[in-house]
Amino acid sequence: MSTVTTTTSVHAPSVGTGHTRVEGRDKVTGAARYAAEVPFAGLAHGWLVLSTIARGRISALDTEPVLAMPGVLAVLDHRNAPHLNTDYAGLLGKPDPTCAVFQHDRVPHLGWPVALVVAETSEQAREAAEALVVHYEQQPHDVELTSDHPGSHPLDGHMPAVTEKGDLDAGLASSTFVVDAEYTTPEEHHNPMEPHAATARWDDGRLEVTDSNQGVTWVAGELQNLFSLDPASVRVRSEHVGGGFGSKGVRAHQVAAVMAATVLRRPVRVALTRRQMFTLAGHRSPTIQRVRLGADADGRLRALEHRSVSRTSSFHEFVEPSTGAARVMYDADAHHTANHVVPLDVPTPTWMRAPGEAPGSFALEAAFDELAEKCGIDPIELRLRNEPETGPVSGLPFAGRNLAACFREGARRFGWADRDSRPGVRREGRWLLGTGTAAASFPAGAAPSTATATAHPDGTFTIRISAADIGTGARTALALIAADALQVAPERIRMRIGDSDFGPAMIAGGSMGTRSWSWAVKAAAGELRERLALGAGIPAQGLTVRSDTTEAVQALGPAERHSFGAQFAEVAVDVTTGEVRVRRMLGIFAAGRIVNPLTARNQLLGGMVWGISMALHEEAARDLASGGVVGADLAGYHVATHADVPRIEADWIEDTDPDDPVGIKGLGEIGVVGAAAAVANAVWHATGVRHRSLPIRPDRVLTAAAGAPDA
């Protein structure tokens with residue numbers, strides 16, 4: 001037994017100061033291994049075969065010639081695959097049947113998994129998979145989303161489908177100024193830098209999966225249910241993740257890998273190609289949104305309606321809750337919102353960075369800009385005049401709403417006061433110049449998590465938590481929080497994450513990860529420090545304390561908890577070529593206490609860059625004849641590159657959450673919210689033409705320049 005002194009004479013706080021990533025050296029030197037790079041003895045490789053029709057049935061598979069090819073070990077399909085249990089509710093509800101592979105002969109969309117070819121090498125598996133002939137009975141399909149589709153219906157998600165108060169028609173009729181417009185956003189895809197990959201193996205009766213995901217206990221729980229396994233017999237590890245953005249949950253490749261490992265009794269890896277990710281990794285649904293705003297002569301809202309239609313698959317319901325932003329941002333006596341879905345023969349959409357808020361903020365904030373133009377009121381002033389005192393729908397108090405401070409600070413730094421409000425008057429050679437702004441919000445939640453803190457005789461500490469660092473810097477932020485709770489230098493903290501054996505913890509999603517994990521880490525580390533201060537000895541194996549925040553999180557009182565922000569953009573538009581260039585952007589945010597300014601700024605800048613991409617580039621075009629995405633790769637699906645990123649700055653104001661032990665709210669997604677609207681509003685200010693459909697492509701700019709009505 002030994003005693004460790006945890007404090008120095010003066011402990012300099014680590015939280016709030018910039019720290020490089022604790023795993024940074026491993027990543028830049030290649031020592032950090034991602035899911036597809038971890039070596040296993042006797043590893044076999046699986047390759048998914050995807051359907052070439054958009055709807056129908058499998059009538060036959062010519063597997064015998066494939067099984068005779070070099071290195072091929074097995075072909076799994078609906079005739080011989082292990083049975084899966086899908087009659088359960090997991091962390092996010094009923095499982096998407098896409099992950100329950102090879103259970104029937106039906107094909108509900110193009111790219112549906114119909115078989116898995118397993119071989120000694122990845123090259124052999126791919127060659128054999130491409131040689132497999134599958135026969136189909138094809139049926140008519142429908143992939144076109146329209147606002148008046150007969151299948152449209154309201155759908156609850158993590159929020160009610162419909163909210164209503166007041167007489168909307170009367171509110172609009174009594175309004176001095178009215179905006180009534182339709183806005184559309186296209187299908188978008190996550191495209192994290194690291195493609196999805198998983199390796200499954202059985203070791204002494206226990207299933208072990210090495211994966212790239214956003215929550216190891218989430219994936220472990222789904223695999224336990226799907227394969228009817230004892231919870232103690234499944235372990236999922238995901239130490240390093242090269243981006244997720246909502247797409248890295250439970251997918252077909254993990255389940256297929258477990259199936260193959262179960263049949264062959266050897267490790268099997270299944271990795272997705274970039275093209276396969278366009279089918280098997282989820283996507284953001286396109287949206288068609290109608291916004292109606294009615295205001296009095298002073299610009300104060302009398303009526304607000306925000307309705308959104310998105311699509312879901314024909315076999316699993318998922319809603320893009322685009323009207324959620326309106327339920328938080330602005331109030332009116334008549335306030336109506338609704339989220340509808342249309343079932344189509346497409347893959348199931350899923351969560352994508354700032355689900356709902358990203359497309360919803362485009363429509364709402366563009367409509368508010370239109371209202372400001374009609375009222376003759378500055379767009380910032382109009383927003384400030386419509387600041388609600390309580391939640392517009394919930395009626396609950398805000399647990400901090402510093403949006404006005406974000407706008408005031410942003411306007412000062414951006415030079416908004418010098419802006420000529422008239423559109424189309426600033427010119428620089430062949431370029432028309434304009435500036436725009438938009439508001440941003442995103443929920444700030446917390447979920448129960450567990451963590452352990454261990455003191456070692458050598459004076460170091462180990463923190464274990466089933467967190468996922470998907471590129472956000474969470475591993476580093478948690479080390480700083482642990483260091484402050486123990487009152488030691490961060491160098492004495494060793495973070496262990498991404499292992500389901502560490503116990504349940506929140507997933508990396510909903511901007512809730514770091515907040516939820518920090519709560520658990522601070523509780524465990526704080527109790528450990530108290531024990532050491534009381535003279536507790538440290539055995540050779542270490543002294544460990546475990547925390548569980550379930551009761552504390554559930555004790556939070558009801559309130560509207562959100563991060564807020566103000567986005568500003570300046571654009572240059574060449575109406576002879578249709579080119580739009582974003583010249584500078586500024587985002588000012590109120591996102592709780594900032595744990596690590598270095599990685600926090602990276603997150604906010606990354607979100608704002610995604611907003612540029614959303615405004616000007618990203619669009620997955622779906623072919624109505626085949627039912628598939630045209631150009632399903634990074635050559636055909638355009639994202640913002642270095643040349644598209646202008647002078648861009650992100651900063652924050654003081655905004656500590658008093659209800660959180662660390663003061664955190666969340667900032668993983670707030671950076672993208674409102675960014676596309678700010679760019680679109682700037683394009684209007686430059687040209688005098690409203691673009692209500694994203695992306696603002698050169699052809700749309702040229703059409704508008706030719707005198708067409710608002711785009």
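In helix H15, Met608, Gly611, Met614, Ala615 and Leu616 make contact with Ala675, Ala676 and Val679 of helix H16. Sorted by class, this H15–H16 contact has 7 nonpolar residues, 1 polar residue and no charged residues. Keep in mind as you look around that this is a predicted model.

Let's stay with helices for a moment. Two packed helices are described by the angle between their axes and the distance between the axes. For H15 (residues 597-616) and H16 (residues 675-687), the axes come within 7 Å and cross at roughly 50°. That makes H15 oblique to H16. The crossing of H15 with H16 is right-handed.

Another pair to look at is H12 and H13. Helix H12 covers residues 474-486 and helix H13 covers residues 513-533; their axes lie 8 Å apart, at an angle of about 30°. Angles under 35 degrees count as roughly parallel, and H12 and H13 are therefore roughly parallel to each other. Their crossing is right-handed.

Which residues in H12 meet H13? They are Ala474, Ala477, Leu478, Ile481, Ala482, Ala485 and Leu486. On the H13 side, the partners include Trp517, Val521, Lys522 and Arg529. By class, the contact of H12 with H13 has 11 nonpolar, 3 polar and 2 charged residues.

Here are the two pairs together:

| Helix pair | Axis angle | Axis distance |
|---|---|---|
| H12 and H13 | about 30° | 8 Å |
| H15 and H16 | roughly 50° | within 7 Å |

Now step back to the whole chain. Its secondary structure comes to 17 helices and 25 strands. The C-alpha trace spans about 75 × 75 × 50 Å along its principal axes. A compact globule of 711 residues would have a radius of gyration near 27 Å, and the chain has 26 Å, which agrees. Buried residues make up 60% of the 711 residues. Among contacts with a separation of 6 or more, 82% are between residues 24 or more positions apart.

Is Ala35 buried or exposed? Buried means under 20% relative accessible area, and Ala35 has 3%, so Ala35 is buried. Leaving aside residues up to four places away in sequence, Ala35 touches Glu194, Ala197, Thr199, Thr210, Asp211, Ser212 and Arg269. Take Thr199 from that list: Ala35 and Thr199 are 164 residues apart in sequence, with their C-alpha atoms 7.5 Å apart in space.

Technical notes. Residues are numbered from 1 along each chain as its sequence is written. This is a predicted model: local features need pLDDT of at least 70, side-chain atom pairs count only at pLDDT 80 or more; totals for chains, interfaces and linings use all residues. Side-chain values use heavy atoms; hydrogens and water are left out. Axes are lines fitted to C-alpha atoms, for helices over the stretch in contact, and angles run from 0 to 180 degrees between N-to-C directions. Helices (H or I, at least four residues) and strands (E, at least two) are DSSP runs, numbered from the N terminus. Angles under 35 degrees count as roughly parallel, over 145 as roughly antiparallel, 65 to 115 as roughly perpendicular and the rest as oblique. A crossing is left-handed if the near helix is turned anticlockwise from the far one by less than a right angle, and right-handed if clockwise. Contact means heavy atoms within 4.5 Å. Ala, Val, Leu, Ile, Met, Phe, Trp, Tyr, Cys and Pro count as nonpolar, Asp, Glu, Lys and Arg as charged, and the others, Gly among them, as polar. The radius of gyration is taken over C-alpha atoms; the globule rule is 2.2 Å times the number of residues to the power 0.38. Buried means under 20% relative accessible area, exposed over 50%, partly exposed in between (1.4 Å probe, protein chains only).
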